[in-house]
Protein chains: 2
Amino acid sequence: MSVAIENFVKAIYKNDNNDSNDTKPGNIAKKLGISNAAATDMAKKLASKNLLQYEKYQALQLTDEGTKMALNVIRKHRLWEALLFKLFDMSLHEIHRESELLEHATSNFLADRISEYLGNPKFDPHGDPIPNANGEITTIDTSMALSNTQEGKTYVISRLMSDDKEFFDFCALNGLKYGNPILVSKQFSKNKMTQITINNNNIVLNEDFTNIIYVNEI
Amino acid sequence: MSVAIENFVKAIYKNDNNDSNDTKPGNIAKKLGISNAAATDMAKKLASKNLLQYEKYQALQLTDEGTKMALNVIRKHRLWEALLFKLFDMSLHEIHRESELLEHATSNFLADRISEYLGNPKFDPHGDPIPNANGEITTIDTSMALSNTQEGKTYVISRLMSDDKEFFDFCALNGLKYGNPILVSKQFSKNKMTQITINNNNIVLNEDFTNIIYVNEI
DNA sequence: AATTAAATTTAAGTAAGCTTAAATATTAAT
DNA sequence: ATTAATATTTAAGCTTACTTAAATTTAATT
């Protein structure tokens, strides 16, 4: 399957949350940086390939086959992230950027070799779960967004859900890293801001960041 | 630049030996598995991009820019070969197959990280020289084809110039590996065959193999 | 409920990278 | 030196993955 198709099913899978509008052609188009018309065209094409269900003006829904393809691409992406992170001195953002390309140039055979080499990890350096070769993915998620945590408690960072370079620069600068502990020193609920303490530094985060940093109770 | 273009300049670079016919569109087409017409079209297009010189019915000649691009792709290919070979339990053929895809999905930045990690190697696991980031490549080659070696002398394997799975299966089976020593126990010049001794086994090779196995005097 | 705004779809068109078939040029053979 | 064989090029056409613009449908607003 082509790069365009792989990215299309991946975008649907990632947008498939609560709001069904998120998987309408327009939102997929926005995510992929293509026109709405192109997304509609592709949707029809993939429906004919039995990768998704398409009904005029409705949200797109991946079939089992489409979901499997999306998970396969995501698996490759996250395995590359884990490998590059382990081997090279690269930022999370750089790792993400490279994996975005490599995921489409990776055979299942190579993906299995990478996984094996890494000890079949269940999570990548962002804390995102890595689907296994059968398309099974860890979905049990006891973590919560930083915005939902309780003042005075200490947590460990479990996920950094972003593709943004500046966000990762910020994380690197301040020691926010998968597995690291942080203290929620103050919640400013009205203003939707959270103060955390890490390495004796106090940092105030607004909702842009508190919604994408996920943590687990210790 | 696209995968098609990268493969095209690479094919010209690799075919550019003594016989100028080798870089005519037809031979490039054969190498890439596309039609002659497609190769002619592409040649014209790349000429307009200043990657090669095209004159009707003549051999294609890469410009400096085209050569640089070819070397850049080859660099990525051979760095991937070296990395996969080091990390994973994969045959030379498998490594080649994967690198053929990965080379087009690799930024210069990542190539430099791989090179660094490997200690900036000058040769890949086939013994082929790896161009550096500036497109400089080791061309001093004191090695010779097995067909040109002298009876009774011992050599070390310096290159295995093939993409063929069966050939690499044969090599793996018999301990023919980059850097390994072999004794040329007999030359059957009339029949263009060579007998070598390796690990106390005598193996007789015909010219299909003696022309692609390169060795250095010790 | 009617109107306006926004999103989606259809239609027409483009560029890349191919194909096959026919025309043309080159090379090899008699 | 012709002729035959081979290679190259031109021409026409296809598929993929896009684009913009117009038409249609859905959703939001008054």
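Which residues does Trp80(B) touch, not counting residues up to four places away in sequence? In this predicted model, Trp80(B) is in contact (heavy atoms within 4.5 Å) with Trp80(A) and Leu102(A) from the partner chain, and with Ser99(B), Leu102(B), Glu103(B), Thr106(B), Leu110(B) and Ile114(B). Residues are numbered from 1 along each chain as its sequence is written, and chains are lettered from A, with ligands numbered from 1, in the order in which they are written. Local features need pLDDT of at least 70 and side-chain atom pairs count only at pLDDT 80 or more, while totals for chains, interfaces and linings use all residues; side-chain values use heavy atoms, leaving out hydrogens and water.

Trp80(A) and Trp80(B) are the residues with the most contacts inside the largest nonpolar core, a set of 32 residues. Such a core consists of buried Ala, Val, Leu, Ile, Met, Phe, Trp, Tyr and Cys residues joined through side-chain atoms within 4.5 Å, where buried means under 20% relative accessible area, exposed over 50% and partly exposed in between (1.4 Å probe, protein chains only). At least two residues of this core come from each of helices H4 (64-87), H5 (92-102) and H6 (108-117) of chain A and from each of helices H4 (64-87), H5 (92-102) and H6 (108-117) of chain B. Helices (H or I, at least four residues) and strands (E, at least two) are DSSP runs numbered from the N terminus. In soluble globular proteins, nonpolar side chains tend to be buried together.

Sugar and phosphate make up 78% of the atoms of DNA strand D that come within 4 Å of the protein. H3(A) gives the most to the surface near DNA strand D, with 5 residues.

Tyr57(B), in the loop between strand S1 (52-53) and strand S2 (61-62) of chain B, has a backbone N or O atom 2.7 Å from a phosphate oxygen of DNA strand D. Tyr57(B) counts as exposed because its relative accessibility is 71%. Tyr57(B) and Lys24(B) lie 33 residues apart in sequence and 7.6 Å apart in space, C-alpha to C-alpha.

Technical notes
Near = heavy atom within 4 Å. Polar contact = N/O pair within 3.5 Å; in protein donor to acceptor, adjacent residues only side chain to side chain.
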